Amino acid sequence: MLPLLAIPVLHSSGAWIASTAASGYIASTLSGTWIGAFVLGNAGILSSLGLVSAGGILTAAGGGVAAVFGAAGTLTGTALTTVGLGSLAQSIGLAPATLLGMGPIGWAISGTAFMSAATLGYFVSKASIKKINEERVKGGLGEITIKELLKELVDYEVSSMMEILTKLSKERLDFKVRKSDNTLIIEGREYDIGNLVYQIDEDGTEWIGLKRKFRKAINIFTVTKPVPGTDFIMTPDPT
């Protein structure tokens, strides 16, 4: 049986929130954008397909890396290589266990490349895309196809990665972002940002990965590691 797809609906606040026919609104999926609510509501499916990573999920929840750091108050100006996205999420109540009922493994993805619209279409049925479009029209948005949905997801993840990598580039001299062609340069080696993901392992290690077809992403840059002698603990979902 395929996993239940969450569909963004317009909330009374004017924002979007993911919902399912079985349980209604899904807690902590409220977002200022349609695509943000879709990512939050379907993070498990999308991360397993390699379409979103921890970075995409956090930016969907917090309104962007810059906004999240600003909301953290005392973390403004703090190096990402010091706190990592996992610790940052915990500090402002956006830890994945609280946010989505997942442990940190829920934010780790295999990182396979070359997702197709046909593959995504296997998980998003014709009935689901019809319901998605009904709710988009109610919210003043145009209808969308599977191909267009895939493009929105890919563009969203690239945008999220761009924010994160730009933050990192301000912290290290050997780590640069060339926005003109979405390129990351680490010690002279160039990477297409569209092929990169932000990975959080079960032990709390956070790293930038290069996606590979049918294989686990390969680590090209370790952002932060857990402090020796401490455990990486996600706050349990109180519900």
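Predicted model: local features only at pLDDT ≥ 70, side-chain atom pairs only at ≥ 80, totals over all residues.
How many bridges pair strand β1 with β2, and in which sense, parallel or antiparallel?

**Figure 1. The β1 and β2 hairpin.** Strand β1 (residues 7-10) pairs with β2 over 4 bridges, in the antiparallel sense. One place to look is Ile7, which stands opposite Ser19 in β2. The two strands make a hairpin with 5 residues between them. In the turn you will find Gly14, whose phi is positive at about 100°.

**Figure 2. Strand β2, covered on both faces.** Strand β2 spans residues 16-20 and is mostly covered, with 5 of its 5 residues buried. Trp16, Ala18 and Thr20 are buried on one side, while Ile17 and Ser19 are buried on the other. On its way onward, β2 is joined to β3 by a hairpin through 3 residues. Strand β3 (residues 24-25) runs antiparallel to β2, and 2 bridges join them. Within that pairing, Thr20 has Gly24 as its bridge partner.

**Figure 3. The open sheet β4-β5-β6.** Here 3 strands form an open sheet in the order β4-β5-β6, with antiparallel pairing. The edges belong to β4 (175-178) and β6 (189-192), each of which pairs on one side only. On average, neighbouring strands of this sheet are turned by 25° against each other, direction ignored. Helix α9 (residues 146-169) packs on the sheet and touches β4 and β5; its direction makes about 135° with that of β4. Between β4 and β5 (residues 183-186) there are 4 bridges. Val177 has its bridge partner, Leu184, in β5.

**Figure 4. Two loop residues with positive phi.** Anyone who checks backbone torsions may enjoy this view. Most residues other than glycine have a negative phi. Asn182, in the loop between β4 and β5, has a phi near 50°, a positive value in a residue other than glycine. Glu187, in the loop between β5 and β6, also has a positive phi, near 50°. How accessible are these two residues? Asn182 counts as partly exposed because its relative accessibility is 30%. Glu187 counts as exposed, at 66% relative accessibility.

**Figure 5. Helix α1 crossing helix α9.** The axes of α1 and α9 come within 11 Å and cross at roughly 85°. The two helices are therefore roughly perpendicular to each other. On the α1 side, the contact is made by Trp34, Ile35, Phe38 and Val39. The α9 side brings Leu149, Glu152, Leu153 and Tyr156. Why is α1 largely enclosed by the rest of the structure? The reason is that 7 of its 8 residues are buried. The buried residues are Trp34, Ile35, Gly36, Ala37, Phe38, Val39 and Leu40.

**Figure 6. The nonpolar cores.** In soluble globular proteins, nonpolar side chains tend to be buried together. The largest nonpolar core in this model has 27 residues. Those that touch the most other members are Phe38, Val39, Leu120, Val124, Ile132, Leu149 and Leu153. The elements giving two or more residues to this core are α1 (34-41), α2 (43-48), α3 (54-62), α8 (126-138) and α9. Helix α1 supplies the largest share, 6 residues. A second, separate core of 23 residues includes Leu58, Leu184, Ile186 and Val223.

Figure 7. Leu80 lies in helix α5 (residues 80-91). Is Leu80 buried or exposed? With a relative accessible area of 0%, Leu80 is buried. The C-alpha atoms of Leu80 and Val223 are separated by 7.4 Å, although the two residues are 143 residues apart along the chain.

**Figure 8. The whole protein, for orientation.** The secondary structure comes to 9 helices and 9 strands. Of the 239 residues in the protein, 48% are buried. Among contacts between residues at least 6 apart in sequence, 52% join residues at least 24 apart. The protein exposes about 11,400 Å², and carbon and sulfur atoms supply 56% of that area.

How values were computed. Residues numbered from 1 in each chain as written. Heavy atoms only, no water. Buried < 20%, exposed > 50% of the residue type's maximum accessible area, 1.4 Å probe, protein only. Contact = heavy atoms within 4.5 Å. Areas by Shrake-Rupley, 256 points an atom, 1.4 Å probe, with all protein chains shown as cover. Pairing = 2+ DSSP bridges. Axes fitted to C-alpha atoms, helices over the stretch in contact; angles between N-to-C directions. Core = buried A, V, L, I, M, F, W, Y, C linked by side-chain atoms within 4.5 Å. Parallel < 35°, antiparallel > 145°, perpendicular 65-115°, else oblique.
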